[in-house]
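Welcome! Let's take a friendly look around this structure, one spot at a time.

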Amino acid sequence: MLGFNWRNVCYFESLVVLIWENAEVDGLESMLATECVDENQGMLLDLMRQLQSLLRKSGLAAEELEPLLLLIKPIQLRIAELQRQLRETDLRLQRQSTRDSLTGLWCLGSIQELLAKELARTVREQRSFAVVMVDVDDLKRVNDYYGHQMGDEVLKTVAQRLLKVCRKEDSVGCYSGGKFLVVLSAGNDREMLALGDRFRKCVAEQVVCPKIGFELEMTVSVGVGICRYPQGSSVDAMIQLAIDALVLAKKAGRNRVRQRLDRVVSIS
């Protein structure tokens, strides 16, 4: 943190020198690594305003003020650049904390938060919604035979295909291993089950190409958990509903879609 008392600065020339020294010698960039970024930048901005005020009250003619104002310009540009860097750093850190680094999808904590919000909204609006669990079939075989790097490429490809199928109001995130969690915002039972089948088809009907000249035929199993008017339900209960449906899809032979509500429905 900058340790100077601006009340002891008597002349604007000294003020310029002091700001300049802190900008160039101590390095304003180092502020980005401290816990007092906003405070330090706020101090500099306040000092710039003080300096500009002193210049305006100096009684100097415009042509006399011009060279002094030119001294301020580099400092203003430096502050603006540091503020831009800080915004970019904040956005990057925010993305790292909410997005999966491999696929770019929502991480588990984030998709659970979105699920909680959707659950609360459906309770208020007294409507149904669905949670879908998508599991990549035989991913372990790909990892064991071709290596985990190839398995990662498969996950990235599947993630991108799921995003293309999702509606604008839906959310898709990573659950664990080769599983993806999709929150379907609204729709009737048939529509949400049909979306689950579209997730299955977007993988099964196109080969996966982890690298040029290499193709894999991959499938996914899909469990659709639908909760009607979910008063008293919970995030964990909704996820478990989708997991139970996924287990049914796996038992049916994989590359299948199953729904869990109060009865089992099959469409493939």
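Is M150 buried or exposed? M150 is buried, with a relative accessible area of 10%, where buried means under 20%, exposed over 50% and partly exposed in between (1.4 Å probe, protein chains only). This is a predicted model, in which local features need pLDDT of at least 70, side-chain atom pairs count only at pLDDT 80 or more, and totals for chains, interfaces and linings use all residues. Residues are numbered from 1 along each chain as its sequence is written, and side-chain values use heavy atoms, leaving out hydrogens and water.

M150 belongs to helix α6 (residues 148-165). In sequence, M150 and C209 are 59 residues apart, while their C-alpha atoms are 9.7 Å apart in space.

Helix α6 also meets helix α7 (residues 189-204): their axes come within 9 Å and cross at roughly 140 degrees. The two helices are therefore oblique to each other, a word for angles that are not under 35 degrees (roughly parallel), over 145 (roughly antiparallel) or 65 to 115 (roughly perpendicular). Where they meet, with heavy atoms within 4.5 Å counting as contact, V158, R161, L162 and V165 of α6 face L195, R198, F199, C202 and V203 of α7.

Now for the rings. The whole structure holds one aromatic pair. The ring centres of Y145 and Y146 lie 4.7 Å apart with planes at 80 degrees, so the pair is edge-to-face (centres within 6.5 Å; planes under 30 degrees apart are stacked, over 60 edge-to-face, the rest tilted).

| Residue | Relative accessible area | Class |
|---|---|---|
| Y145 | 65% | exposed |
| Y146 | 33% | partly exposed |

Note on methods: Rings of Phe, Tyr and Trp (its six-membered ring) pair if their centres lie within 6.5 Å; planes under 30 degrees apart count as stacked, over 60 as edge-to-face and the rest as tilted. Helices (H or I, at least four residues) and strands (E, at least two) are DSSP runs, numbered from the N terminus. Axes are lines fitted to C-alpha atoms, for helices over the stretch in contact, and angles run from 0 to 180 degrees between N-to-C directions.
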